[in-house]
Amino acid sequence: MSNKLIDIVNVSKSFGENLVLNDLNLYIRENEFLTLLGPSGCGKTTLLRILGGFESPNEGKVIFDGKDITDLAPNKRQLNTVFQKYALFPNMTIAENIAFGLKIKGKSNTYIEDKIHYALKLVNLDGFNERMPDSLSGGQQQRIAIARAIVNEPKVLLLDEPLGALDLKLRQDMQYELIRLKNELGITFVYVTHDQEEALTMSDTIVVMNQGNIQQIGTPEDIYNEPQNAFVADFIGESNIFSAIMVEDKLVKIQGVKFPCVDTGFGKNKPVDAVIRPEDVDLVKPKKGLMQGIVTSLIFKGVHYEMDVMANGYEWLVHSTDMFPVGTEVGIRVDPFDIQIMKKPESEDAEAVSIEE
Amino acid sequence: MIKKYIQRFYLLFIIILLYAPIITLMALSFNSSKSRARWGGFTAKWYVRLFQDDQIMTALYTTLEIALLSALIATVLGTAGAIGIHALRRKYRTFMMGVTNIPMLNADIVTGISLMLLFIAFRFSLGFSTILIAHITFNLPYVILSVMPRLKQTNISTYEAALDLGASPLYAFFKVVFPDILPGVSSGFLLAFTMSLDDFVITHFTKGPGVDTLSTKIYSEVRKGIRPEIYALSTIMFLSVLLLLILVNIAPDEKEDRKRILSAATVKRHKISRFLLRKVVPAAMVVIITIGGIFYSTKADRLGGANQVIVYNWGEYLDPAAIELFEEETGIDVVYEEYETNEIMYPKIQSGAIAYDVVCPSDYMIERMIENDLLAEINFDNVPNIKNIGDVYMEQSRQFDPNNKYSVPYLWGTVGILYNKTMVDEPIDSWSVLWDEKYKDSILMQDSVRDAFGVALKYLGYSLNSTDLDELTAAQKLLIEQKPLVQAYVVDQVRDKMIGNEAAIGVIYSGEAIYTQLENPDLEYVIPKEGSNIWIDSLVIPKNAKHKENAEAFINFVCRPEIAKMNFDFITYSIPNEGGRALIEEPELRNSKIAFPDAKELERCETFKFLGDENDAVYNKLWREVKSR
Amino acid sequence: MKNRDKKIKRLLAGPYIIWAAGFIVIPLLMIFYYGLSDKSGHFTFHNIAQITTPENLKALGLALLLSLISTAVCLVLAYPLCMVLTNLGVNQSSFIVLIFILPMWMNFLLRTLAWQNLLERNGIINIILGFFHLPALEIINTPYAIILGMVYDFLPFMVLPIYNVLSKIDSDVIAAARDLGANSIQTFLRIILPLSVPGIISGVTMVFVPALTTFVISDLLGGSKILLIGNVIEQEFKQGSNWHVGSGMSLVLMIFIILSMALIAKYDKDGEGTAF
């Protein structure tokens, strides 16, 4: 892919005694849609604010296009931010809001007029020029906030949970809109969210964060299919996570039953975490299964059925297009490549994994 | 970093600006000299005397009672009003909010006057209740404006949810809506309380006799010099509020507790200290105020009691101990009120809004009151002590009370020049010194029409009762010429300013001169050779007095030699009471040339005469022109 | 159900509306009545015309001048102060408000009077200045002392509303302006200042009106040498005993008060700028 645009080197940040970012390293490529994903309080917004220049790190630096911008004021950076609560200027019309950055830069009036027109068209809000922000709906305000940022043609657009306040339908529409914008404008997006679905839909790269540490960096497929630890597995999608024993290479004992798998190199009889996605669990006749259980609940979900199966003291979550009524005795099978084996973290704090690429 | 220091420094600067006067007042409360202009060493005696001073304590409790009651009533009325207005249609709501804003935006003076006009027009007798009504009125906007934003924030669906869950509207209101708006209600209450406490102007116009709040009490004392007990009181009040606020602020915050994980014991400890600091201490203070209020209000005299006498006297003109003696002896309650000038007193009597029993006007004012038929003849059978008054004074009185029927001389004196021996070069014996460029900005002039014109007329060699327009214009011209030289126009403040060496020369009443000499021996008093004013303040009974016999008993009481002497010790003004004068122990005071000048000196002096309403208007107009130059 | 609820709520406003009618509206009408009639009750403009006499005009003009200056001084002092206070953070906001309300617990007359002690020739400030061999400050009994007194007494009324609007400005909005390239001066001029207009307007009226109409401050710190319109009115009522002329003058004053109410209505529609 293209070259590094932003390089975040050894960045740490704490508020008082509260460590929010712990010696973080990350780079962002040009024209990439990168998502910082994690639960609230994981440090993703702080990282975004450091990029925007609203916070300065206690340690480490931020390199932008080869230059150290760690101490540069926000107004001197070639980045623009779309704020969580839009932060439109309540005292200005929509047109004035959009024109703000351009006027500061001293652009000509005709240029500004053109840009306003173009930006409003881009976000499908033609003709809203003279409206005041508080007369707009949340989704409309959101789009204006984006329009206001992009008319400045920033190299990077920072978005802080921009869709958080919108309802589901609007959120989906906006997701497609953002993807379209990214493709049309060719600028780099750094996107912060706690919504894994949003992250999976839009991103080129997802950075999963927890407690100030990066948990995993990868494409949406990587993150979903091969979570590197239980936290990522749990946070991304639904999954069955087991405390298991790696008996030997390619054989793992889950709930007392040995399952063949494809992973090697964990040693013999070592405790590990094993992750099995619900759609990867195959329900078969009891005798054909490696393990037997009883269906305890059944819900129709449209594309599939969601079932809970009680087997060997664990309630398995299963997604399947086949239906088994409650009380049915079933067998459980899992294809070897559908079992994801992960090292157990030594303590909660060491949940972080170092990133080698 | 530097920016931070500049910010801190600026904050500090503003806080110093705000608190410098407060620190000054606190320091004054420990000043053993009675005059604010001189530091006489450290003392705590004013704090002791404060609690023995019924007048101040009563004023304090009246203030607190009014503040508490008016804030409470305004809070209830205002909260209900805010809820109601909030439910009104937009058009009416805007209108009501406009009306609500009036007392807050309107000038205090206009609000005060408008209420006074209302009370007088509808024959409310001015007193405690009128002050209360006025305070409620100007407190209401503060309550409404603090509750309103809270109401706007309140989510209507929580109220509806409560109804949905089966709560009655009333229950839902108190359980759901009220806690939401409570911060607004309580801050409204606090603001109302503070505003009421701090108000002077509106109280000034709506108060009646016998009722004083601290503000009006202080204002009536401003011209004399504030009694140090008041400083002590203010210090106590300020410090107790400060203490209360600190307690409330150091109480562990409940919200903080919820955020952190604390052991059950800590939470419990915090709960207890919160309860103590935020509930018990304030509650205890309220209880103390209430009990004190009840205690003092039962002790205090209010209008409406049967056996009383309402006295309207000059500020600090009678020893409070004498009043207590009188009350003890006769069982008659004395309602005592003070004024600063004859001109302030006159319209009150004339309007008849308040029925005073005993008033103490000056000579010319008595003449005017007799002419306008405002005074009652005194039944001298009830005033046998009149025999103690020197004949010479009774004779002088005939100038304004030809048959000695309406008035009993109370105090008298002359007007002259008080000067600081260390600040003038030549012996002073003439009014001309008041026009001497040398003393620019070191001259204190009397701030009353007749006194000021009297000086100018006498200096020109005219009578101080002149009604000749040419003579008056000449005097006015002289006063205008003098204005750039004058440091300030004052009434009784001459005293403090001369003691504090603020000015070299001041026009002063002889009685004040004796006191100032005691405080500052560099001061000397002289009656200028051109002649001056001799004045007599006499006790009279207004025609509409409701307790005439009590009034006569009161007059008879103060004519006793012991009482007259006691009063002389208190204010050092010359007494016409020969018996009283004989009782003065110190020979230098008994024979003081200032207090009891030779008859020869008095020959050059005139009393003021009432010149008629029209001439009064001329004087007033000329004087106002001088002042507004 | 909902309608009945609203009706009950509206009823709650009843006592207040009656109170407001009786003690706000009627008294104002009384002033109009007195101001527009003579002693025998006939209609006249004579009382209002009294404002045009040279001495009254001068008192009004001087009052306007002094109150405008002190309003401006208050604004210049208060605005940066509020910026500093806002920067200090939200936690202390109640404490900050208290710092400015606390002095009101010391009587207003006493506080003003204390300035006499501070400003007099041999007053505390001059003693301190003398100690450092600095020239003495001689402003007591001059208009400057009156301005100082006005600024001192009314500063909190400027600080509180401005602080209130400033602390309500979303920090993200300021961050957004910076983000879009505005430097701190541009951010101030284009965002913070326009957003604080309701507070400024409310502060300006709350300082200007009482300063314009005061009679106490000019009395205490001006040495009675300086007559303001407030003194004229007070004297008409308390000494001259001509209530008609006094009311007439009050009506003239009310023109300025109505002007400031109109200002508030225009710039602070939502009542954002209330002080408390």
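Strand 3 (residues 33-37) of chain A runs parallel to strand 8 of chain A, and the two pair over five bridges. The model is a predicted one. Within this pairing, A:Phe33 lies opposite A:Phe189 of strand 8. Strand 8 of chain A also pairs with strand 7 (residues 156-160) of chain A. That pairing is again in the parallel sense and again spans five bridges. Here the bridge partner of A:Leu157 is A:Phe189 in strand 8 of chain A.

Strand 8 of chain A covers residues 188-193 and is mostly covered, with six of its six residues buried. In a regular strand, side chains alternate between the two faces of the sheet. In strand 8 of chain A, A:Thr188, A:Val190 and A:Val192 point one way. A:Phe189, A:Tyr191 and A:Thr193 point the other way. Both sets are buried.

Helix 5 of chain A spans residues 168-185 and has 18 residues. From its first C-alpha to its last, the helix reaches 25 Å, close to the 26 Å expected at 1.5 Å a residue. Its buried residues are A:Met174, A:Leu178 and A:Leu181. These cover an arc of only 65° around the axis, so they sit on the same side of helix 5 of chain A. The cover over the buried residues of helix 5 includes helix 3 (109-122), helix 4 (138-150) and helix 6 (196-202) of chain A. The other side of the helix carries exposed residues: A:Leu168, A:Lys169, A:Tyr176, A:Arg180, A:Asn183 and A:Glu184. Just after helix 5 of chain A, A:Gly186 adopts a positive phi of about 65°.

A second sheet region of chain A was examined next. Five strands of chain A form an open sheet in the order 13-12-11-14-20, with antiparallel pairing. Strand 13 (257-260) and strand 20 (340-343) of chain A stand at the edges. Each has a single partner strand, so one side of each is left without a neighbour in the sheet. From one strand to the next, the twist averages 45°. Strands of a sheet pair through backbone hydrogen bonds, either parallel or antiparallel. Strand 12 (residues 251-254) and strand 13 of chain A pair in the antiparallel sense, over four bridges. A:Leu251 stands opposite A:Pro260, a residue of strand 13 of chain A.

Chain A as a whole holds eight helices and 20 strands. Its C-alpha trace spans about 80 × 45 × 40 Å along its principal axes. Of its 357 residues, 41% count as buried. Among contacts in chain A with a separation of 6 or more, 66% involve residues 24 or more positions apart.

Chain C has 13 helices and zero strands. Along its principal axes, the C-alpha trace of chain C spans about 75 × 70 × 35 Å. Chain C has 276 residues, and 51% of them count as buried. Of the contacts in chain C between residues at least 6 apart in sequence, 75% join residues at least 24 apart.

Contacts between chains were then compared. Two pairs of chains touch, and the most contacts are between chains B and C. This contact takes 85 residues from chain B and 83 residues from chain C. Helix 1 (residues 2-28) of chain B provides the largest share of the chain B side, 13 residues. By class, the side of chain B that touches chain C has 54 nonpolar, 22 polar and nine charged residues.

Chain A also contacts chain C: 17 residues of chain A meet 15 residues of chain C. On the chain A side, strand 6 (79-82) and helix 2 (94-104) each supply at least two residues. Helix 2 of chain A gives the most, with three residues. The side of chain A that touches chain C divides into eight nonpolar, seven polar and two charged residues. Chains A and B do not touch, and their nearest C-alpha atoms are 13 Å apart.

Note on methods
Residues are numbered from 1 along each chain as its sequence is written. Chains are lettered from A and ligands numbered from 1 in the order in which they are written. The expected span of a helix is 1.5 Å times one less than its number of residues. A residue is buried if 20 or more other C-beta atoms lie within 10 Å of its own, exposed if 12 or fewer, and partly exposed in between; C-beta atoms are placed from the backbone. The arc is that of the directions from the helix axis to the C-beta atoms. Two residues are in contact if their C-beta atoms, placed from the backbone, lie within 7 Å. Ala, Val, Leu, Ile, Met, Phe, Trp, Tyr, Cys and Pro count as nonpolar, Asp, Glu, Lys and Arg as charged, and the others, Gly among them, as polar. Two strands pair if DSSP finds at least two bridges between them. Axes are lines fitted to C-alpha atoms, for helices over the stretch in contact, and angles run from 0 to 180 degrees between N-to-C directions.
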